[in-house]
Structure formats: C-alpha cells, structure tokens
Amino acid sequence: MNPSAKGWIKKLLKEVAKNNSFLNVESETFYYALRDCGFIYGSNFDVVCNVISKKDLTDEELSKTNLCLALIYTHKNSGSEIPFIESVINFYTEINELKTSFFLGFLGEKKSNEQLEKIIHKRIQIDDNFITKNFNYFIINALIYVDILAYETFLKSESISIEYIKNLESSIEAISLGALKSKASKNKYDNSLIKLFESSLRYHNNTPITYPEAIKNIKTNLEKYYILDLECMATWSDKTIDQKEQLFLLQLSTDLQVDTQHIKQSMKTVNTFYHVHRDQIALLSSNNMAQSFYNNSSKMVKKLITRNSKRLYQELKDSKELMVLLTQSTQRDLTPLEQKKVQEQLLDIFKSIPSLAIFLLPGGALLLPLVVKFIPKLLPSAFDENRIEE
C-alpha cells in the first residue's frame, strides 16, 4: 500500500477486512496503541496495532495511515449506519463550516475514496513552502487527535457543536500555558513561547480561559488522557521533566480525576519515546524545542507574509478597521476585544489566499501574534511614525 498514490484508502480498507482484530479492543487500549506508535505525539514511527506492515512508509504516510485507521476504529465502534467514507466526509464538511479547516477545494466533490484521500492528504501533508517540518511536528500533527475526539462526538448525533472544538482547543492551550510556566528555570525562548501562547489565548477569547474552566471542559477519559500526554510532551521540551513540572502534572491528573499512576506512566512513556527516537525527530536535534519552535515559526511566518505581500496588502487596504488596528498595534497594546477583531478579520482574509490557509488549521492561531508583528512592514511608512528603514 502506498499512501502517496491514488487508491490507498480502498487498499487499506481491504487490508483492514483481513486484519480487523484491532477494531475489537477497548477504546483506552487503542488510544495507548496510538500513543506507542507516536500518533499522539505528532511523530509517527509505526502503524497502529500493526494493522499493515510499516515497510518503508515515511512519517507523513504513517500519519495518513494512522489517522485513517483511527477514524475507521471510531466509526466502527460508534455503531453508525452511515457508510464510513460518507460519514468522514460529512464530518470534515461540518468542520469546514465551523472554519477550522481548509478543504474548500474538495468538499463539493462526489463523496468517494478519492475525495477522502485528498482531504487526509491536505490534513497531514503540509507543503514545505507552507511550513517547516519542525513546526509541523510540534503543533499541527500533535493536534490531529482532536479530529478523532471531534469525530467521535460528531457520530453521536451526526453534527458537531462549534463550542465543543472551541472549548477543547482553548483548554489545550490554557493547560499547556500552565505546563510551560511550571518550568523551574526558563530561558528567553521559553518566555517567548509563553508570551506567544498568552497572546493566542487573548485572540481566542475576550478574556483568557482560566485553568479551572479548562479542567471543566475536559470530560471523557480519552480527552483527559490526551491532555495529560500533551502536557507531558510540553514539559519535556527541554529534554527533562524536573521536580516542579512533575508536581504540576501530578496536580493536573488530580484535577482531572485521573489516577496518579496514569500520569506517572505518561511521564515514563514520553521519556522513553523521545529517548528511543531522539535521532529521528528533527526538533530533538536542537538544544531547546521551544527555541526551535519559536525560531522556525518566525521564519515561516515572515516567508509567507513576504511571498503574499502584494495580495495581502490589497486585502488589508479593503479592510479599513483592520488596517487601523494593525497600525495602532505598532504604537500600543491592543485591547482583548481589538485583538479578537484582528484575529477574525485576518482569518477571513487568509481564507482567500491559499498559501495562508495554514492559519485556519488547529493550532494555527498560535502564529497570529507573529503575523501581526510582521504585517506592519507591509504598510506604508506613513502609518508608523517610529519606523526606520533598514
């Protein structure tokens, strides 16, 4: 099977029919299998439950395969009578209506294996000129399990509430911010990453979601396990989980009403996973994952803004309120309400520029503070009295 060629989903479904024992395991067991193969961490090194042979599949191809297998497992165990292909396409169509994805070019087609292949390709495979592999690992692929949780919710009523996805992602961000702040010693890049999260949180809400509110939003066991594993991954960003971080994680497991043995196992698992694969994960080759994230994100955003400068400037000119707010952002801090307006209007503009559609993906909002930082360079110097030409 070749997930980079047409017809791979049909071939995968045929293989699943021959090796379908994974469909009968408990949901928690399947989740652990997804974690063990790296899907939860955003770095895939094997096929979940060894449904098919790994052979020479690339990380992106493994990501596609594991995402599809997770969707198949979720669909089968939901008892839904709607065929799998149709059901998943319906789900992504609904997600698109909630403005959380960028599959506009595919969702009008006839529902088929080929259409789903295109959707999954777009969901997994981010072209190098859109985004760096390091950022892809750190944010986008690590958040793909949100799709599975949302799909499970969708299958219960064949619809998905905008509040569910919003609350889940806001909770992930709020708790991740707490995990980053729990570091005993933070360098300038850790502090930059914290500021980046804080700015993004203000964009998501008029007021940042609080830790207690985030805990309330996490209800199912799978949501709790996923949050705990993400936070173990976040605290491990400097290649160790110190005592203060361990205390944060133990308190988090208590607040989520999860047995402390579970979080201890999660810490052990993430430590083992990253040590085993340290030479294969691009982020781990740097001295600091937060530094790598921040540096690569800055470069990627600057490249996207520069490449799309003419069209973006024209779109900004047509949005007078946004232009005013962006120019004012060079001289003062915007209020939470103003920041929310900037986010909403920027995302509307990004939908019309294919190269900027990456910001519509889950996690893309984390980059918006960097976008606002670079955009003023597109504006005429008259808009920024303090601008110095370099």
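**Terms and their grounds**

Biologist: Why are H11 and H13 called oblique to each other?

Modeller: H11 and H13 are oblique to each other because their axes cross at roughly 50°, while an angle under 35 degrees would count as roughly parallel and one of 65 to 115 as roughly perpendicular. The model is a predicted one, and the angle is computed between helix H11 (residues 221-235) and helix H13 (residues 260-276), whose axes come within 9 Å. The crossing of H11 past H13 is right-handed.

Biologist: Which residues of H11 and H13 make the contact?

Modeller: H11 contributes Tyr225, Leu228, Asp229, Cys232 and Met233. From H13 come His262, Ile263, Ser266, Met267, Val270 and Tyr274. By class, eight of these residues are nonpolar, two are polar and one is charged.

Biologist: How many disulfides does a search of the whole structure find?

Modeller: Zero disulfides are found.

Biologist: What is the relation of H11 and H12, roughly parallel or roughly antiparallel?

Modeller: H11 and H12 pack at an angle of about 170°, with their axes 11 Å apart. Angles over 145 degrees count as roughly antiparallel, so H11 and H12 are given that term. On the H11 side of their contact stand Ile227, Leu228, Glu231, Cys232 and Thr235; they meet Glu245, Leu249, Leu252 and Ser253 in H12. The contact of H11 with H12 has five nonpolar, two polar and two charged residues.

Biologist: Why are H3 and H7 called roughly parallel to each other?

Modeller: The angle at which H3 and H7 pack is about 25°. This lies under the limit of 35 degrees, and H3 and H7 are therefore roughly parallel to each other. Their axes are 10 Å apart, and H3 passes H7 in a right-handed crossing. Leu67, Ala70, Leu71, Thr74 and His75 of H3 make the contact with Ile148, Tyr151, Glu152 and Leu155 of H7. These divide into six nonpolar residues, two polar and one charged.

Biologist: Is Glu60 buried or exposed?

Modeller: Glu60 has a relative accessible area of 12%, and the limit for buried is under 20%, so Glu60 is buried. Glu60 lies in helix H3 (residues 59-76). From C-alpha to C-alpha, Glu60 and Ile124 are 6.6 Å apart in space, although 64 residues separate them in sequence.

Biologist: What makes Asn50 exposed?

Modeller: Exposed means over 50% relative accessible area, and Asn50 has 52%; Asn50 therefore counts as exposed. Asn50 is in the loop between helix H2 (27-36) and H3. Although not a glycine, Asn50 has a positive phi of about 50°.

Biologist: How do you know that Gln257 is exposed?

Modeller: The relative accessible area of Gln257 is 69%, and the threshold is over 50%, so Gln257 is exposed. Its place is in the loop between helix H12 (243-255) and H13. Gln257 also has a positive phi, near 60°.

Biologist: Is Asn308, by contrast, buried or exposed?

Modeller: With a relative accessible area of 11%, against a limit of under 20%, Asn308 is buried. Asn308 belongs to the loop between helix H14 (289-307) and helix H15 (309-317). Leaving aside residues up to four places away in sequence, Asn308 touches Ile353, Ser355 and Leu356.

Biologist: Which residues are buried in H2?

Modeller: In H2 they are Phe30, Tyr31, Ala33, Leu34 and Arg35. The buried residues of H2 pack against H3, helix H7 (145-157), H11 and H13. After H2 comes Gly38, with a positive phi near 100°.

Biologist: How many helices and strands are there in the chain, and how many residues count as buried?

Modeller: The chain has 18 helices and zero strands, and 55% of its 390 residues count as buried. Among contacts with a separation of 6 or more, 70% join residues 24 or more positions apart.

Note on methods:
Residues are numbered from 1 along each chain as its sequence is written. This is a predicted model: local features need pLDDT of at least 70, side-chain atom pairs count only at pLDDT 80 or more; totals for chains, interfaces and linings use all residues. Side-chain values use heavy atoms; hydrogens and water are left out. Helices (H or I, at least four residues) and strands (E, at least two) are DSSP runs, numbered from the N terminus. Buried means under 20% relative accessible area, exposed over 50%, partly exposed in between (1.4 Å probe, protein chains only). Axes are lines fitted to C-alpha atoms, for helices over the stretch in contact, and angles run from 0 to 180 degrees between N-to-C directions. A crossing is left-handed if the near helix is turned anticlockwise from the far one by less than a right angle, and right-handed if clockwise. Contact means heavy atoms within 4.5 Å. Ala, Val, Leu, Ile, Met, Phe, Trp, Tyr, Cys and Pro count as nonpolar, Asp, Glu, Lys and Arg as charged, and the others, Gly among them, as polar. A disulfide is a pair of cysteine sulfur atoms within 2.5 Å.
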